[in-house]
Amino acid sequence: MFRFLHAADFHLDSAFHALSPQRAAERRRESRELGARLADEALRRGADLMLLSGDLFDGSDNFRETPEELACGLGRIGASVFVAPGNHDFYSSDSPYATVEWPENVYIFKSGQIESVDLPDLNCTVHGAAFTGPEQVPGLLTGFAAPEDGRIHLMTLHGDVEPSVARYNPITKAEIAASGLTYLALGHIHAASGPQRCGETLWAYPGCTEGRGFDELGDKGFYFGTVSDEGVVTLEFVPFARHRYEIMTVDVTGKDPREALEAALPAWTTDDLYRLLLTGETDERGIDLTALETLFSGRFYALELRDQTRVRQDVWARADEDSLRGEFLRRLRGRYDAAADDKERENVTRAVRFGLAALDHRDIM
Ligand SMILES: [Mn+2]
């Protein structure tokens, strides 16, 4: 029996454009600690090998320290580490895989041909290949079949299973089924796939280790796997991200927005980045987003509030009045009813709020 850690898509040195410059710098700094954190985790769990399936770096113009610190962290593990470069960190003579000194236990696949490394102590062979450019159109797994030699056969690859467009190492399920592999450790897709089976081969995407935006929500991490002597693989997903992205919808109809938020939020959000969508109906004053942000922002790593509420129906009640207010409401009501979509209704709602505030000499929020 042996144990392995499978991770991918670190995208180190991502820019984090959507964050404040201070938060962005902090997250880039944190991301440089990933190698050390993974090493601690691999040592604590007694991993016998590590499979890293590409896109470890976001691009080719890294801070020099980033690959150096990753190399340093991985060197502490002692166990063998296998890296299959992907489309963002493809192998070339000026990539960090060539320019940084990697420790002896780290094996980097460098070519667009499958290479195989025997690990006799584990009765195992690890196969892999690299992207050598930003795209890899011929599938790297095409025609591959592991020898029937009684060994466990693992492979690490960056690639796209059954893609609609073949740009990033297209892999068919038939090829996986014909591969004879015990486990195919993939990278490229940023959501964890769960264990998948084609023929006798188990395969999975662990997803990215850290979400980078509101399109990468929830827990992110890696797979920790066990291979029995009979070649049965079990996978455990290990959440490992420092910060999670979450989108939450809070209906504030008939409630004080502050209380509605208090009731809806989980107890612990300090490390996480939240987008809170306020929905439902509000009175003509709407929601004071700035005040809410001041109240709540300290509870989050980063907070984004969006007002998607509609103005309550009774706001229109005085549309029959023979007054400036009545005239204003009648005109806006006409536009609201004729609005083609939600966006337009939202604009009319905003106009109603601003207009009524002006008529009542209230401050506009
Ligand atoms: Mn990729």
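## About the model

Because the model is predicted, local features need pLDDT of at least 70 and side-chain atom pairs count only at pLDDT 80 or more, while totals for chains, interfaces and linings use all residues. Residues are numbered from 1 along each chain as its sequence is written, and side-chain values use heavy atoms, with hydrogens and water left out.

Domain 1 gives 13 residues to the contact and domain 2 gives ten, where contact means heavy atoms within 4.5 Å.

## Where they meet

Together the two domains bury about 930 Å², and 62% of this is on carbon and sulfur atoms. Buried area is the accessible area (1.4 Å probe) that two parts lose on being put together, summed over both.

How many salt bridges are counted between domain 1 and domain 2? The count is zero; such a bridge needs a side-chain nitrogen of Lys or Arg within 4 Å of a carboxyl oxygen of Asp or Glu.

## A closer look at glycine 54

Is glycine 54 buried or exposed? Glycine 54 is buried, with a relative accessible area of 0% (buried means under 20%, exposed over 50%, partly exposed in between, with a 1.4 Å probe and protein chains only).

Leaving aside neighbours within four places in sequence, glycine 54 touches several residues, including Ala8, Asp9 and His158. Leucine 186 is 132 residues away from glycine 54 in sequence, yet their C-alpha atoms are 8.3 Å apart in space.
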